[in-house]
Amino acid sequence: MQLPQRVFLGALVVPMLLASVGTAFRPAAEIEPGHLVFAVRSSEIVLAGTAGTAAERQEVVDAVRGLTASYRITDMITPNAGERMPVSSGVVSGLLGVVLDQGVTEFTGVVHKGHLTASARVADPERAGALSDALRAAAPDLRVDEDFTSA
């Protein structure tokens, strides 16, 4: 091998190979939490967002399916290796369980960066207060902002 080829190999190719290996084996701690949207509309529960793996996505869907057999579950969660679910499947089922237990038929929740934004149509202000308290109890690690309207 001639000197110019060695210089080329040593100066460009080797660092590029090392850099590519470093990004391929990125530590799991660098995976950012994604987002999750869940909505209850009449007899349907819609799930959308990002999950780190197909298994993580399936765990959330199964947890929600375990809550009720009377709702149709629409799953629009997409696996994305760079993001993980922002909350565990247990928290998701806990939040949706609260919504279903309160008899709320129109609810939307968005979980992103440690924050739950919830909007719902409720029967009266007392039920809004009960729903608010129950959501906070189901997810004590999330900051909860709500926008509830009375029907």
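View 1. Strands (E, at least two residues) and helices (H or I, at least four) are DSSP runs, numbered from the N terminus. Two strands are called paired if DSSP finds at least two bridges between them. Look for Phe107 here: Ala120 in E7 stands opposite it. Two residues sit between the strands of this hairpin, and Lys113 takes a positive phi near 50°. A word on the model: it is predicted, so local features need pLDDT of at least 70 and side-chain atom pairs count only at pLDDT 80 or more, while totals for chains, interfaces and linings use all residues. Residues are numbered from 1 along each chain as its sequence is written, and side-chain values use heavy atoms, with hydrogens and water left out.

**View 2. The whole sheet: six strands, open, in the order E4-E3-E2-E6-E7-E8, with mixed pairing.** Strand E4 (72-79) and strand E8 (143-150) are at the edges with a single partner strand each, so one side of each has no neighbour in the sheet. From one strand to the next, the twist averages 5° (axes are lines fitted to C-alpha atoms, for helices over the stretch in contact, and angles run from 0 to 180 degrees between N-to-C directions). As a reminder, strands of a sheet pair through backbone hydrogen bonds, either parallel or antiparallel.

**View 3. Two parallel pairings, E3 with E4 and E7 with E8.** Strand E3 (residues 44-51) is joined to E4 by eight bridges. Pick out Gly49 and you'll find its bridge partner in E4, Ile77. Over on E7 and E8, the pairing also spans eight bridges, and Arg121 stands opposite Thr149 in E8.

**View 4. A stacked aromatic pair, Phe38 and Phe107.** Rings of Phe, Tyr and Trp (its six-membered ring) pair if their centres lie within 6.5 Å; planes under 30 degrees apart count as stacked, over 60 as edge-to-face and the rest as tilted. By that rule the count comes to one aromatic pair. Phe38 and Phe107 are 5.8 Å apart centre to centre, with 25° between the planes. Phe38 belongs to strand E2 and Phe107 to strand E6, so the pair ties together parts 69 residues apart in sequence. Phe38 counts as buried at 0% relative accessibility, and Phe107 is buried with a relative accessible area of 0%. (Buried means under 20% relative accessible area, exposed over 50%, partly exposed in between, with a 1.4 Å probe and protein chains only.)

**View 5. Helix H3 (residues 89-101) lying across the sheet strands E2, E3, E6 and E7.** H3 runs at about 20° to strand E2 (35-41). The other strands it lies across include E6 (106-112) and E7 (115-122).

**View 6. Helix H4 (residues 125-138), which lies across E6, E7 and E8.** H4 runs at about 160° to E8. Its 14 residues reach 20 Å from first C-alpha to last, close to the 20 Å expected at 1.5 Å a residue (the expected span is 1.5 Å times one less than the number of residues). The buried residues of H4 are Ala128, Leu131, Ser132, Ala134 and Leu135, and their cover includes H3, E6, E7 and E8 (contact means heavy atoms within 4.5 Å). At the N-terminal end, Asp124 is the cap: one of its side-chain oxygens lies 3.2 Å from the backbone nitrogen of Glu126.

Key: Polar contact = N/O pair within 3.5 Å; in protein donor to acceptor, adjacent residues only side chain to side chain.
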